[in-house]
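Visitor: I am new to this structure and would like to learn how to read the packing of helices. Could you take me through it step by step?

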Amino acid sequence: DGYAPVTSLMSPTQKQIVKMLAADFKEEEKEIDDINQQAATSFQVEVNITREESKSIEVFLAESQLDVEDIHLLEAYLNSELAEMENLNIQALFSSENRTTTDKITTNMAEIETLIQEMARWMSVYEDSLDEMRKGVKKIEAKNKKLKIQEYNHQCLQKRLGTLLQVLRLDKHTARNLQRPDFRMRLKEMLQAASALNKTMNHKLATELEKIKAVEEMRNLHKALAKSFTA
């Protein structure tokens with residue numbers, strides 16, 4: 001304590017160098033603190049846990065003699081416990097107590113594999129049957145759709161033919177007068193029947209319509225009525 005400070009023995013240049021070194025050292029310490037602070041912040045993860053879970057973690061830490069900062073060590077401890085439990089399970093599986101069951105399983109593995117292969121084969125056959133069934137259903141649906149179209153066309157044709165025949169058809173009273181004419185007592189009715197017959201016989205249709213069987217039959221009936229009327 002009775003000695004003079006070291007700086008008093010330094011030259012001005014040496015004092016300036018020491019001052020600069022001290023400033024650099026403080027700047028480096030500040031940078032290191034900033035890096036540590038950023039690292040600590042970046043590894044912070046918000047986890048929502050219940051009070052019971054928090055208490056369990058605290059108990060584990062206490063039993064493992066770890067602090068909260070050493071939580072990664074707790075993870076390693078739990079992984080070690082898990083590995084130990086898995087090891088015990090494997091040992092129990094092949095223990096003398098369970099040896100009989102294990103031997104049965106290993107002995108019957110070939111039979112089990114054969115059964116699985118047989119099941120896979122039947123599943124394949126079943127899938128093939130389903131495919132054939134799907135194809136059959138599609139064919140039936142296509143056929144039904146075609147039949148519906150045909151039915152619709154037939155209905156339209158029947159309706160059109162009915163309208164067409166209605167134009168050529170004579171009512172029963174007119175047809176009866178044409179079949180049994182009575183010019184003396186019912187001359188007016190006979191003239192009306194003749195006019196109606198002449199109108200239907202001269203009603204021209206398209207060539208393709210004249211070839212329809214129902215139209216041909218109606219034309220032949222008209223000719224027969226005309227022949228009987230003029231006989």
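**Two helices in contact**

Guide: In this predicted model, the axes of helix 7 (residues 187-201) and helix 9 (residues 213-230) come within 10 Å and cross at roughly 145 degrees. Two packed helices are described by the angle between their axes and the distance between the axes. The crossing of helix 7 and helix 9 is left-handed.

Visitor: Which residues of helix 7 and helix 9 meet?

Guide: From helix 7 come Met190, Ala194, Leu197, Thr200 and Met201, and they meet Arg219, His222, Lys223, Leu225, Ala226 and Phe229 of helix 9. Sorted by class, this contact of helix 7 with helix 9 holds seven nonpolar, two polar and two charged residues.

Visitor: How many residues does helix 9 have, and which of them are buried?

Guide: Helix 9 has 18 residues and spans 26 Å from its first C-alpha to its last, which is close to the 26 Å expected at 1.5 Å a residue. Its buried residues are Val215, Met218, Arg219, His222, Leu225, Ala226 and Phe229. Seen down the axis of helix 9, these buried residues fall within an arc of 120 degrees, so they line one face of the helix. The face of helix 9 turned away from that buried side carries Lys213, Lys223 and Lys227, which are exposed. As for partners, the buried residues of helix 9 pack against helix 5 (109-168), helix 6 (172-179), helix 7 and helix 8 (207-210).

Visitor: Why does His222 count as buried?

Guide: His222 counts as buried because its relative accessibility is 1%, and buried means under 20%. This residue lies in helix 9, and, once its neighbours within four places in sequence are left aside, His222 is in contact with Leu168, Leu170, Leu197, Thr200 and Met201.

Visitor: Which residues of helix 7 are buried, and which are exposed on its other side?

Guide: Helix 7 has 15 residues and reaches 21 Å from its first C-alpha to its last, close to the 21 Å expected at 1.5 Å a residue. Met190, Ala193, Leu197 and Thr200 are the buried residues in helix 7, and, seen down the axis of helix 7, they fall within an arc of 95 degrees, so they line one face of the helix. On the other side of helix 7, Lys188, Leu191 and Lys199 are exposed.

Visitor: What do the buried residues of helix 7 pack against?

Guide: They pack against helix 5, helix 6 and helix 9.

Conventions: Residues are numbered from 1 along each chain as its sequence is written. This is a predicted model: local features need pLDDT of at least 70, side-chain atom pairs count only at pLDDT 80 or more; totals for chains, interfaces and linings use all residues. Side-chain values use heavy atoms; hydrogens and water are left out. Axes are lines fitted to C-alpha atoms, for helices over the stretch in contact, and angles run from 0 to 180 degrees between N-to-C directions. Helices (H or I, at least four residues) and strands (E, at least two) are DSSP runs, numbered from the N terminus. A crossing is left-handed if the near helix is turned anticlockwise from the far one by less than a right angle, and right-handed if clockwise. Contact means heavy atoms within 4.5 Å. Ala, Val, Leu, Ile, Met, Phe, Trp, Tyr, Cys and Pro count as nonpolar, Asp, Glu, Lys and Arg as charged, and the others, Gly among them, as polar. The expected span of a helix is 1.5 Å times one less than its number of residues. Buried means under 20% relative accessible area, exposed over 50%, partly exposed in between (1.4 Å probe, protein chains only). The arc is that of the directions from the helix axis to the C-beta atoms.
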